[in-house]
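Have the coordinates open while you read.

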Amino acid sequence: LISQINSHFITHYHRKIEEKARSHKHVVGDILEVESIPFDSSGTDTVVSFTIDSNDNKSGKDIIKRNQLVHDPAKATNHSVNDDNLCVALHSYRFALNWGEKGQILHARPATNTLAAIIGGLAFLFITCGCIVPCIQIETVGIIGLMIESGQGGAPAKQKFSILGIFGSLWTQAVFLDNTMDYIGHIFLIGIFTFTMVFVPLLLASVLLFMWFAPLDSFRRHQLHTFIDILSAWQYLEVFLLALVVMNWQIRELSVWLLNKYCVMSEPLVAMFSTMAHNDILSVPNAQCLLFVSNLEPGAFLLVIGSMMLAVLHHFVLHAVVQQKKSCERSKYSNRRDSIDINCVKRGKDRSSKNDLIKAIHIRRPQFTDIYRNFLVYEVSMK
């Protein structure tokens, strides 16, 4: 827990450093040198940029040429520099493509919004039901199992556990021990498990839907993005499911070493179990001291489905948020090329080869509009 909380402070200050660096450097890499000239009489913003040309270079050194680019604010898309002051919902945001099909605008299909709402609602429903419905069953086999059945009036020695049932068993154990420190320890465990496996996944699904449908300005969306990252760090539902699968896989082998190891060491007991099984007095599974047999119940599958839907919704919304944030930053420099910003030049005058220009190439990762293109629809761009 200390390490988890400490990581939040580290991440917080790391982000502050990144934001401060972005305020001084608008281009990835070690190149940045932009000179802007105020508005001229034509009402357009003239930008002086520099490019490197070596076609006519006979001395072996690159020649820096001076170009003028004209930026007309009237040609900017609707969601441009004013995004910081507008409350725009992600489901109605118009994503402007600045590479490939440059100038095209995409927005979410109506069916996409319906699908996002259905996925979020089903994730909430499945996780809630998965916490209530039993997710694992443990059956006690052997002489110990027969003794338990006799104490239960012949009822099978089977016990089903849900997430809430596990919390109840922990509390029952604390009451049985009846010690102050045991109460504190068990209450702490119950609180951590309830928070990370029940409360956080449900809250995360709700916040993701709110992020997609609610109109927010950039500041509120940034705050909510940070809050979602914190919730994701405390979302342990997948960890519980992985532990459940591992326990279902290994509990049989582990139970053999609990008591059977000592029973096998006793030759009279082994002979007695063999004789009783041979004469059909005991069934073959019960001809031993102790064995646990576990099976996954419907609750586990509900949790798996809910967790998968939550992961899909998280990936979908967060990629949209990241591209929207980059679009706001990129709209301030609308003359930027697909992969190389022409409004920049390396600090200093010692460029010696084209390798420096190659280093300026920015490899673009797949964006929201690339991954979920089938869920978006083209819109006629405003000119």
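Arg373 pairs up with Asp370 in a salt bridge, with the closest N and O atoms 3.8 Å apart. The term here asks for a side-chain nitrogen of Lys or Arg within 4 Å of a carboxyl oxygen of Asp or Glu. Keep in mind that this is a predicted model: local features need pLDDT of at least 70 and side-chain atom pairs count only at pLDDT 80 or more, while totals for chains, interfaces and linings use all residues. Residues are numbered from 1 along each chain as its sequence is written, and side-chain values use heavy atoms, with hydrogens and water left out.

By that rule the count comes to two salt bridges. The other pair is Glu297 with Lys160, where the closest N and O atoms are 3.7 Å apart. Glu297 sits in the loop between strand 8 (291–296) and helix 9 (298–330), and Lys160 belongs to strand 7 (residues 158–161), so this pair ties together parts that are 137 residues apart in sequence. Helices (H or I, at least four residues) and strands (E, at least two) are DSSP runs, numbered from the N terminus.

| Residue | Relative accessibility | Class |
|---|---|---|
| Glu297 | 13% | buried |
| Lys160 | 49% | partly exposed |
| Arg373 | 23% | partly exposed |
| Asp370 | 30% | partly exposed |

Now for the helix pair. Helix 5 (residues 180–213) packs against helix 6 (residues 218–233) at an angle of about 155°, with the axes 10 Å apart. That makes the two helices roughly antiparallel (the label for angles over 145 degrees). Axes are lines fitted to C-alpha atoms over the stretch in contact, and angles run from 0 to 180 degrees between N-to-C directions.

Which residues make the contact (heavy atoms within 4.5 Å)? Helix 5 brings Val200, Leu203, Leu204, Val207, Leu208, Phe210 and Met211, and helix 6 answers with Arg221, Leu224, His225, Phe227, Ile228, Leu231 and Ser232. They divide into 11 nonpolar, two polar and one charged.

Zooming out, the protein has 11 helices and nine strands. Of its 383 residues, 34% are buried. Among contacts with a separation of 6 or more, 74% come from residues 24 or more positions apart.

Key: Parallel < 35°, antiparallel > 145°, perpendicular 65-115°, else oblique. Contact = heavy atoms within 4.5 Å. Nonpolar A, V, L, I, M, F, W, Y, C, P; charged D, E, K, R; others polar. Buried < 20%, exposed > 50% of the residue type's maximum accessible area, 1.4 Å probe, protein only.
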